Amino acid sequence: MARRVSVPEIVGRRAELSALRGALTDTATDGGQLVLVQGDAGVGKTRLVQAFTEEALAAGATVLTGGCLQFEADIPYAPFTEALRSLPDAPPLLGDGRASGDRAGEFRRVADAIGAGGPGPVVLVIEDLHWADASTRDLLLYLHRALAGAPVLQVATLRADEIGADHPVAKLVADLVRSRRMQRLDLAPLGRPEVVALARGILGAPPAAEVIDALVTRAEGNPFFTEELLAAWPTRGEVPGTVREVVITRLARLSTGAQRLARLASVVGRTVPHDLLAAIAPLSDRDTALRELVDHGQLVTVEPDAYAFRHALIQESLYRDLLPGERRHAHARVARCLRDNPSLAFTASAAGVAAELAHHWDEAGEPAEALAASVLAAGAADDGLAPAEAHAHYERALRRFPEVGSPGVDLESLLEKAAEAASLAGRNHRAVELTRQRLGLLDAAADPERVALAYERLSYQARSAGDWELAWRTSERAVELLPPESPAQLRIASWPMALEMLAARFRSCIRRAAELLPRAEAGGEDMATNRSLMALGIGHLMLGHVDVGLDFLRRQHTWAHQVGNPRFIGVGYVNLPEGLMWTDHHQEALAMARAGVSRSRELGFDIYLLPIVGNAVRALAELHRWDEALDTLEDPDDLTADPFNWIFVDLPRAGVLLRRGRWTEAEELLKRTGAVLDGQEDVQYGTELAALRALLAAVQRRWADARRLARDGLALALTGEDMYLAARLVSVGVAVEADAVDDARISGRPVDLPGSAAAADRILASFAGYRSTLESDGAVPLPRTRRELVLAAAERTRLSAEPDPAAWDEVVRTAGVDRFLFGYAQFRLAEATLLSRGSRTRATEALSAARAVATELAADPLAALVDGLAERARLTVSADAPIESTSDSHGLTAREAEVLRLVGRGLTNAEIAAELFISTKTASVHVSNILRKLGLRSRIHAAAYDQRKGP
């Protein structure tokens, strides 16, 4: 008699099952929820979810289930295609080769279909999220947000042992985990008592101690390993040492037909459609073999008409056990069946069929077929706005190309498309390599226009990868090669103009753009139109013509959506929020950046995702929502982007870390940015890097380095026309001189006050001439520029014989939206007041204001300065008590206890934020901490707890 390979009841997962039940209850009362069930392979994720969905079905819920696939080039939306099959009016998903590009509309239709999936709550299960393709990740995140008000519970399973810190799914999880409507269930290995219970259920009798010892030692509490070891257990000495050996040993007990069918099915994947299996295995005893596999727990039936391996590890083990020849032959058989009858594929979409065919032909070792199918799959992915998937298919096609004698595919065209997909996917280093290969195939004499356009693309890709030297050189080459009467003349001419904008040469780029824009619009040249609008917007704005600049940026944003080109839309979401930020419209900038993140996932312009996220981080930092800036909701889930793109995120975060006194973390981010920017003449980001490095060097008392970094950064800034960047280096440079003098005094070293004062004056003088030149041509300093200049003038007074409180009072008055600058200026005002024998009352008031800001922002270095001065001057500083002080018997901080009382009153996070003058995100974090500390599932339970607790 065959031994049971599993027990009917779930073992050791009562708490997790209860959590899923609670999540379903919360879904009905509080809107959409998401539960991530994660753990090592075989730990029991699928078993837990199956037990829960059986209960949910019995309670009247609609259950939709799909699983991600493990292919070299992913099939976009595979799990959703599978899950939605059971809906009578399921909408088609993207990736079917259509060119409409309405990804956002499709996403919305999918959300609507799921939300209306049944009369009761809907449970959407996505298995094996660790294999999720980029498009699936985007749609999952979209649904989590879009279904916030719908009775839909999403449950996703994830192998924690397969995603490291650099795995793209790790970033998706980091994003989802911060949502208040998401909880994570970490399935730990079973303890010894649970292993005993599991073995007893399988064996039907209490297991011997030596059996348990072997199971605990070898299976390490993994339920699947435990079950498989027991299922293959003849004697202790014959227990296989790996799961693969266990699976093969169990399979050997079955008939030859069942073994052959199981191995053949493993080539298809985890889930095998019945008709496909019937086509590739025309065995007379196939049905008998299938029954045997199902009865012995190798396969389970799934709706509507397919089989699935009971666990992914079974399929993987069987697949790896195939001999190379067997594997290739089986893949070829599957590929031929799909070629002759595409309806047999796992997904009926053109993109899905092409992707499956490309995978199977490639694994079959058939280069010509793999090449052709990969090209088709790439094109379908392009049409579906899935650039990461398209790039993977193109790369496979390129790998197979040399093996095909007469490929029927033009290599130059293939390289062009592969480079474009790589660029859109944010992998511009690879795009540069591909375009260089393409240029090696082109003949400038025979087709100068095509070569010129290739150089233009290479220049764009080089700039996007952070290689300025190559970008300038190839841009010039494109202009040189282009015939004078070429239709591409406007496009080619617009790129050097865009490079000038990016290099902060605003006056020249404005002149060029003003001349190009009417010609581009009249000639219908969209690329030149896009670049001209952007150059006019950024150029005017950065020269202080704010209203004109913002008008052009908003005009580009509207026009790009009308045209519908993802690149144009993406670049608008980069530059409009940036322009809003430079003009102190931080809230609008943040809203635009967050919208851009969402649109990026819908439209597939991955190249712009990190810059857009960087704008969100910068806006949060300038709104002084520093916790959110350091741990932002919009963290991207694609870590394969070029290192250059990380500077957009790393630089603003490094600035916050410096103000928080987290020197080591700031230094790591600055090192990462330096590895990208060092040696590059990047005016915008190179100068910001120099300023932050100088501040860090000053903290570390490396005064020579601090002075050099500030000096070199200012020299770089003066090559451009961004007055703010230059003014920032001026204030940093002067502050470094003053701090160096203070440090020498404190440490007892010789003080060179005249030398430092002279150095500061040289810095100020170099900027004065630069500013005069720009203002004579109509430039106007932005408010943030004026703040830096007022700060620089005040820092210079620290090097004067007599302190000047009035200079610092001016900084206080002009600080405006810069809360940290306000606090720092109040500290320096108090210091100058005391040094000039001014009013101690006024100094105390200023120090108290500075201490309040330091406490509010958790700006420890500023707090230390304030406290040190107060102690030396024997002043009593009044500031709010730290909110971290614990006053609740359950470990809640004073602030958390206050938040709990407001939750008890029924306030939403937004209402709590308004009540306490904090951000909504901070309120959400407090509520999450409260639930965790009190062991509660939802804010409803928290409110009930507060009512029971009383005042």
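## Close-up views of a predicted model

**View 1. Serine 756 lies in helix α36 (residues 753–776).** Helices here are DSSP runs of H or I with at least four residues, strands are runs of E with at least two, and both are numbered from the N terminus. This is a predicted model, in which local features need pLDDT of at least 70, side-chain atom pairs count only at pLDDT 80 or more, and totals for chains, interfaces and linings use all residues. Residues are numbered from 1 along each chain as its sequence is written, and side-chain values use heavy atoms, with hydrogens and water left out. Is serine 756 buried or exposed? Serine 756 is buried, at a relative accessible area of 5%; buried means under 20%, exposed over 50% and partly exposed in between, using a 1.4 Å probe and protein chains only. Leaving aside residues up to four places away in sequence, serine 756 touches Arg707, Glu737, Val741 and Leu799, where a contact means heavy atoms within 4.5 Å.

**View 2. Here is the whole chain, with 45 helices and eight strands.** Of its 951 residues, 60% are buried. Among contacts with a separation of 6 or more, 68% join residues 24 or more positions apart.

**View 3. Five strands make an open sheet with parallel pairing, in the order β2-β3-β4-β1-β5.** The edge places belong to β2 (62–67) and β5 (182–186); each has a single partner strand, so one side of each is left without a neighbour in the sheet. On average, neighbouring strands of this sheet are turned by 15° against each other, direction ignored. Two strands pair if DSSP finds at least two bridges between them, and β2 pairs with β3 (residues 122–127) over six bridges in the parallel sense. Look for threonine 65, whose bridge partner in β3 is valine 125. Helix α5 (residues 134–146) lies across β1 (33–39), β3, β4 (152–159) and β5, and runs at about 145° to β4. Such angles run from 0 to 180 degrees between N-to-C directions of lines fitted to C-alpha atoms, for helices over the stretch in contact.

**View 4. A second open sheet has three strands with antiparallel pairing, in the order β6-β8-β7.** At its edges stand β6 (271–273) and β7 (299–302), each with a single partner strand, so one side of each has no neighbour in the sheet. Neighbouring strands are turned by 30° against each other on average, direction ignored. β7 and β8 (residues 306–309) pair in the antiparallel sense over four bridges, and leucine 299 has phenylalanine 309 of β8 as its bridge partner. Across β6 and β8 lies helix α11 (residues 256–268), at about 100° to β6.

View 5. α26 has 18 residues and reaches 26 Å from its first C-alpha to its last, close to the 26 Å expected at 1.5 Å a residue; the expected span is 1.5 Å times one less than the number of residues. Its buried residues include Leu550, Phe552, Leu553 and Trp559. Just after α26, glycine 564 takes a positive phi of about 85°.

**View 6. The largest cavity holds about 740 Å³ of space.** A cavity is a set of points on a 1 Å grid over the protein atoms alone where a 1.4 Å probe fits but cannot get out, and its lining residues have an atom within 4 Å of a point. Points are joined across faces, edges and corners, and the volume is the space filled by probe spheres set on them. How many cavities of 30 Å³ or more does a search of the whole structure find? The search finds eight. The largest cavity has 40 lining residues, with Arg463, Leu502, Val571, Val574 and Asn575 nearest its centre. At least two lining residues come from each of α21 (448–464), α23 (489–502), α25, α27, α29 (609–622) and α33 (683–699).

**View 7. Glutamate 500 has its place in helix α23.** Glutamate 500 is buried, with a relative accessible area of 10%. Not counting residues up to four places away in sequence, glutamate 500 touches Trp472, Arg505, Ser508, Cys509 and Arg512.

**View 8. Leucine 385 lies in the loop between α17 (367–383) and α18 (387–400).** Although not a glycine, leucine 385 has a positive phi of about 55°. Its relative accessible area is 15%, and leucine 385 is buried. Aspartate 584, in the loop between α27 and α28, has a positive phi of about 70° although it is not a glycine. Aspartate 584 is buried, with a relative accessible area of 19%.

Definitions and conventions: On a 1 Å grid over the protein atoms alone, a cavity is a set of points where a 1.4 Å probe fits but cannot get out, and a pocket is an open set with protein on both sides within 12 Å along at least five of seven lines; lining residues have an atom within 4 Å of a point.
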